[in-house]
Amino acid sequence: MKINVSNSALELSRIVQGMMRLNQWNFSVKETENFILKAIDLGVTTFDHADIYGNYTCESLFGEVLKNNPSLRSKIQIVTKTGIVLPNKEKRRIHYYDTTKSHIINSVDQSLKNLNTDFIDLLLIHRPDPLMDPMEIAEAFIELHKSGKVLYFGVSNFSIQQFKTLQSKLSIPIVTNQIELSPYNLEHFQNDNIYFLLEKNVNPMVWSPLAGGKLFDATNEKSIRILTALKEVAQELNIDKLDTIVYSWLLSHPLKVLPISGSGKIERLKNAIEALDLQMPRELWFKIYKAGLGHDVP
Ligand code: NAP
C-alpha cells in the first residue's frame, strides 16, 4: 500500500486523497476529521493540497483538524503546491504564475500556518512558469530543505524539457511530476512524458484519475465510448464498480503511478483501494486505452 517514491526515502500511500474539493463538501471540522481518520484506516495516509485550493481555503479547513488533533500529523504525509497566483480584489488583478524565491518561501510559510504543521512532506511547483528561473527555484528549495520546512520536492504538469531544465540546476532530486492521467486524458502517453518518467524511475502522482467525474457522466461521445468499454471490462472481471476498473487500469501500468482520488465520499475511496488487488489483463487494458484514443492501435 505504501511506496517509496522514485526510490527515495519518501514513503507515500499508493492511493492519495486529494483535497482540492474539500471546501465543496460542506463538512464540519469533525466531519473532516472523521473523513481523514477513515482514509487512514483504509491505508490512505497521503493528502494532496495546494495553496490555492478552494480559493486559498482548503489548507486551513484541513489545518483546523490538525489543530484539534495534533497527534494525527505523525500518521499522515502532506503534499502541497506553490506557484499559481489567483486574483484577489485588494492585491492582485489577474491570475498568473510566480516561481520566484520569495514567492515560494512566503507561500510555504503561509501553508505551514494554514495547515497547522511545522513541515511539509512534499512541495510541488504547481505549473511550469514561462518566467521560471531554475536557479531561484533551486535556492528556495535548498533554503526550505535546510530549515526542515520541506522534506522533498517535485513538480506538476511539467514537460520532459521543463523537468530536465529544473533538475539540471538542483542538487536534490525531483521526486515526482504530478500529471493528469486517465482513460479520458492520454496526453502524457502521446507527449512521451510517461516514457521519460520510466527512464528516470520517477513515480508520477496522477490527478483527475476519473477525469473529475467526466468518465461517468456520458455527456459526450468520448465519455460514452469509455463508459461502454469500462462496463464490458467490469463484466468480464466480475466487478461491479466502474471506478475500481479505472483505478486498476492506472495501477497496472509498470510506471507505478500514485492516483489521487478527488471524491469526498469514503465509499468511493474504498473502490480505489479495491483496485490494488486487481491486476488488469493486457487485453482489457488495451480495450480501455483504445476507447480513450477513439481508434484502434496501428
Ligand atoms: P477525480 O477523482 O477524477 O474526480 C473527483 C470528482 O469526480 C468529484 O467531484 C467526485 O464527486 C466525482 N466522482 C467520483 N466518482 C464518481 C462516480 N463514480 N460517479 C460520478 N462522479 C464521481 O479527481 P479530481 O478531484 O479531479 O482530482 C483529484 C485531486 O488531484 C485533487 O483533489 C487535487 O488534489 C489534485 N489535482 C491536481 C491538479 C494539478 O494541476 N496538479 C489539478 C487538479 C487536481 P464526489 O465527491 O461526489 O464523489
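Student: What conventions apply to the numbering and the values?
Tutor: Residues are numbered from 1 along each chain as its sequence is written, and side-chain values use heavy atoms, with hydrogens and water left out. The model is predicted: local features need pLDDT of at least 70 and side-chain atom pairs count only at pLDDT 80 or more, while totals for chains, interfaces and linings use all residues.

Student: Which residues touch the most other members of the largest nonpolar core?
Tutor: A nonpolar core is a set of buried Ala, Val, Leu, Ile, Met, Phe, Trp, Tyr and Cys residues joined through side-chain atoms within 4.5 Å. Buried means under 20% relative accessible area, exposed over 50%, and partly exposed in between (1.4 Å probe, protein chains only). The largest core has 85 residues, and those touching the most other members are Phe 62 and Trp 249.

Student: Which helix gives the largest share of this core?
Tutor: Helices are DSSP runs (H or I, at least four residues), as are strands (E, at least two), and they are numbered from the N terminus. The largest share of the core is seven residues, and they come from α10 (residues 242–251).

Student: Which residues of α12 are buried?
Tutor: Helix α12 (residues 282–293) has twelve residues and reaches 16 Å from its first C-alpha to its last, close to the 16 Å expected at 1.5 Å a residue; the expected span is 1.5 Å times one less than the number of residues. Its buried residues are Leu 284, Trp 285, Ile 288, Tyr 289, Ala 291 and Gly 292.

Student: What do the buried residues of α12 pack against?
Tutor: Contact means heavy atoms within 4.5 Å. Leaving aside neighbours within four places in sequence, Trp 249 has contacts that include Trp 285, Ile 288 and Tyr 289. The elements against which the buried residues of α12 pack are α7 (187–190), α9 and α10.

Student: What covers the buried residues of α1?
Tutor: Those buried residues are Thr 32, Glu 33, Phe 35, Ile 36, Ala 39 and Ile 40. On the other side of α1, Lys 30 and Asp 41 are exposed. The cover includes β3, β4 (46–48), α3 (58–68) and α11 (266–274).

Student: What is the phi of Asn 238?
Tutor: Most residues other than glycine have a negative phi. Asn 238 sits in the loop between α9 (221–237) and α10, and is exposed with a relative accessible area of 71%. Its phi is positive, near 60°.
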